[in-house]
Amino acid sequence: MIPYLARLLDITMNNGTLPADWKRTIVVPVHKRGNRSLVTNYRPVSLTSVICKQMEHVIVSYLRQVWDKNDGLYEGQHGFRPGYLCESQVITVWKDNVVSMDNGDRIDAILIDFSKASDLVPPDRMLMKTANSGVDSKVVTWVREFLLRRTHRVRVRGQLSEEVRVASGVPQGRVLGPLLFLVYVNDI
């Protein structure tokens, strides 16, 4: 299968297009906890093309390689990166605070809740930041095609909603989405 997948990636990369099926998502609500009648107790899971997810893995590997080589991601960013954990972020901040307190320094903190932010990311800005980060233009074109003209449907109890166009945001439940969000917030 690998030679066929490599050829398919090569075709999509050189043509700058992705099959429409790769841009379609079925969203399934998965219960997290609590009262099942509350919408807020569900997490949306996106069911997508397995082949596209494999291509995303290749793109993610390439992006990480480029950004690791040129220090493209802020070193303090611990989310969605190999070798970094959310816990390591907390430990780093705690350590910095302890050192500052020991030195008698003043500590100011700003906390930002990004829990819904990935749904609001404008694709054009994210693509601009990706392009300006040293990424090959063909990969930027592939990512643009991956982000634009996406659609989704919601499936509940076996019933599908109408297909709607997704205008903004990073695709949830995808391989590439978290890394694209990181490059978007990287300069904050």
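Here is a chat about a predicted model of one protein chain.

Q: OK, what does the C-alpha trace span along its principal axes?
A: The span is about 60 × 45 × 30 Å. The chain has 188 residues, and 32% of them count as buried.

Q: What about contacts, which share of them joins residues at least 24 apart in sequence?
A: If you take contacts between residues at least 6 apart, 62% join residues at least 24 apart.

Q: Let's zoom in on helix α6. Is it mostly covered or uncovered?
A: Helix α6, residues 177-185, is mostly covered, with eight of its nine residues buried. The buried ones are G177, L179, L180, F181, L182, V183, Y184 and V185.

Q: What do those buried residues pack against?
A: Three other helices: α2 (50-69), α4 (123-131) and α5 (137-147).

Q: Now the largest nonpolar core. Which residues touch the most other members?
A: This core has 32 residues, and those with the most contacts to other members are I59, L63, W67, M126, W142, V143 and L176. Helices α1 (2-15), α2, α4, α5 and α6 each supply at least two residues of the core.

Q: What about E56, where does it lie?
A: E56 is in helix α2.

Q: Buried or exposed?
A: E56 is buried, and its relative accessible area is 0%. Residues up to four places away aside, E56 touches W142, F146, R174, V175 and L176.

Q: Switching to charges: how many salt bridges does a search of the whole structure find?
A: The search finds eight. One of them joins D10 and R7, whose closest N and O atoms are 3.2 Å apart.

Q: Where do D10 and R7 sit relative to each other?
A: Both are in helix α1, and they are separated by about one helical turn because they are three residues apart. D10 itself is partly exposed, with a relative accessible area of 35%.

Q: And what does K23 pair with?
A: K23 forms a salt bridge with E145, and the closest N and O atoms are 3.2 Å apart. That pair links distant parts of the chain: K23 is in the loop between α1 and β1 (24-31), while E145 is in helix α5, 122 residues apart.

Q: Are K23 and E145 buried or exposed?
A: K23 is buried, and E145 is buried too. Salt bridges with shared partners join K23, R144, E145 and R149 into one network.

Q: What about D108, which residue does it form a salt bridge with?
A: D108 pairs with R106, with the closest N and O atoms 3.4 Å apart. D108 and R106 are both exposed.

Q: Last one: how far apart are the mean positions of the positive and negative charges?
A: For the 25 positive and 19 negative charges of the chain, the mean positions are 10 Å apart.

Note on methods
Residues are numbered from 1 along each chain as its sequence is written. This is a predicted model: local features need pLDDT of at least 70, side-chain atom pairs count only at pLDDT 80 or more; totals for chains, interfaces and linings use all residues. Side-chain values use heavy atoms; hydrogens and water are left out. Buried means under 20% relative accessible area, exposed over 50%, partly exposed in between (1.4 Å probe, protein chains only). Helices (H or I, at least four residues) and strands (E, at least two) are DSSP runs, numbered from the N terminus. Contact means heavy atoms within 4.5 Å. A nonpolar core is a set of buried Ala, Val, Leu, Ile, Met, Phe, Trp, Tyr and Cys residues joined through side-chain atoms within 4.5 Å. A salt bridge is a side-chain nitrogen of Lys or Arg within 4 Å of a carboxyl oxygen of Asp or Glu. Lys and Arg count as positive and Asp and Glu as negative; His and the chain ends are not counted. The place of a charge is taken as NZ of Lys, CZ of Arg, CG of Asp or CD of Glu.
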